[in-house]
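Me: I'm new to this one. Can you walk me through it, a bit at a time?

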Amino acid sequence: MTKSPSQQAEEADTLFAQPLHQFLTYRLSRVQAKLNTQAQRILSQAADISLIQWRIIALIGSSGESHAGELTRRAALDKGLFSRNLKTLIKRGLVASREDDADHRISILSLTKGGHALYQKVLPIMRARQSALRSTMSKSELDTLYRALDKLEIAAERDDLDI
């Protein structure tokens with residue numbers, strides 16, 4: 001059902017009457033920042049790696065050999081940020097990179113022996129963190145949260161929101 005201009009204006013007035021700290025995007029950003037800070041602290045202590053570096057290692061570790069472009073898409077990471085952190089991981093001997101035989105523009109990434117050992121060391125720690133975070137909510141709350149996140153992700157990809 002299409003809303004009248006006056007209904008849209010009333011809803012906008014209600015939204016803007018909300019304090020900034022109640023905006024959905026503001027709340028999500030704050031939670032993400034706090035979770036990232038927590039994860040960074042854990043990863044620094046456990047393996048002296050950054051959160052972005054862990055995400056790269058975890059993606060390669062869970063999928064085996066991977067194309068760099070595919071990993072940036074799956075992780076939704078900025079290409080420059082991905083590239084800088086990948087170079088660090090290669091220098092540290094945790095990730096190996098080779099050219100694709102069929103297309104020399106494509107880099108194929110894999111974990112080295114040291115990278116695989118780090119992945120095996122850190123994965124249980126990060127799984128335990130996930131379990132601890134999940135334990136703060138009931139199954140019903142988690143189900144609702146995941147449904148809401150799915151809807152928000154779809155809405156974030158749309159260009160035609162009613163605004």
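**Starting at Arg 129**

Reply: Leaving aside neighbours within four places in sequence, Arg 129 is in contact with Leu 35, Gln 38, Ala 39 and Ile 42. Keep in mind that this is a predicted model.

Me: Where is Arg 129 found?

Reply: Arg 129 belongs to helix α6, which covers residues 113-134.

Me: Which side chain of opposite charge is nearest to Arg 129, and how far away?

Reply: That is Glu 153, 17 Å away. Arg 129 has no salt bridge, yet it is buried.

Me: What lies 2.8 Å from a polar atom of its side chain, then?

Reply: The backbone oxygen of Leu 35 lies 2.8 Å from a polar atom of the Arg 129 side chain. Leu 35 is also on the list of residues in contact with Arg 129.

Me: OK, salt bridges elsewhere. How many does a search of the whole structure find?

Reply: Four. One of them joins the side chains of Glu 65 and Arg 98, at 3.1 Å from N to O.

Me: Where do Glu 65 and Arg 98 lie?

Reply: Glu 65 is in the loop between α3 and β1 (66-67), while Arg 98 is in strand β2 (residues 95-99), so the bridge ties together parts that are 33 residues apart in sequence.

Me: Which residue does Arg 73 meet in a salt bridge?

Reply: Arg 73 meets Glu 70, with 3.4 Å from N to O. Both residues lie in helix α4 (residues 68-75), and they are three residues apart, about one turn of the helix.

Me: What about Asp 160, which residue is its salt-bridge partner?

Reply: Asp 160 forms a salt bridge with Arg 158, and their closest N and O atoms are 2.8 Å apart. Arg 158 is partly exposed, with a relative accessible area of 39%.

Me: Switching topic. How many aromatic pairs does a search of the whole structure find?

Reply: One. Trp 54 and Tyr 119 form that pair, and it is stacked, with 6.0 Å from centre to centre and 25 degrees between the planes.

Me: Which parts of the chain does the pair link?

Reply: Distant ones: Trp 54 is in helix α3 (residues 51-63) and Tyr 119 is in helix α6, 65 residues apart. Helix α6 is also where Arg 129 is found.

Me: Is Trp 54 buried or exposed?

Reply: Trp 54 is buried, and Tyr 119 is buried too.

Me: Now the strands. What order do they have in the sheet?

Reply: The open sheet has three strands in the order β1-β3-β2, with antiparallel pairing. The edge strands are β1 and β2, each of which pairs on one side only.

Me: How many bridges join β1 to β3? And β2 to β3?

Reply: Two bridges join β1 to strand β3, which covers residues 107-111. Five bridges join β2 to β3.

Me: Which residues face each other there?

Reply: His 67 has Ile 108 in β3 as its bridge partner. Ser 97 stands opposite Leu 109 in β3.

Me: What does Ser 110 touch?

Reply: Ser 110 has its place in strand β3. Not counting residues up to four places away in sequence, Ser 110 touches Ile 60, Glu 65, Leu 94, Val 95 and Ala 96. Glu 65 is the residue in the salt bridge with Arg 98.

Me: How far is Ser 110 from Phe 23?

Reply: Their C-alpha atoms are separated by 41 Å, and the two residues are 87 apart along the chain.

Me: Last one, Ser 50. Where is it found?

Reply: Ser 50 is in the loop between α2 (24-47) and α3. Ser 50 is buried, with a relative accessible area of 18%.

Me: Which side chain does the Ser 50 side chain make a polar contact with?

Reply: That of Asn 85, at 3.4 Å. Leaving aside neighbours within four places in sequence, Ser 50 is in contact with Gln 40, Leu 43 and Asn 85.

Definitions and conventions. Residues numbered from 1 in each chain as written. Predicted model: local features only at pLDDT ≥ 70, side-chain atom pairs only at ≥ 80, totals over all residues. Heavy atoms only, no water. Helix = DSSP H or I, 4+ residues; strand = E, 2+ residues; numbered from the N terminus. Buried < 20%, exposed > 50% of the residue type's maximum accessible area, 1.4 Å probe, protein only. Lys, Arg positive; Asp, Glu negative; His and termini not counted. Polar contact = N/O pair within 3.5 Å; in protein donor to acceptor, adjacent residues only side chain to side chain. Contact = heavy atoms within 4.5 Å. Phe/Tyr/Trp six-rings, centres within 6.5 Å; stacked < 30°, edge-to-face > 60°. Pairing = 2+ DSSP bridges.
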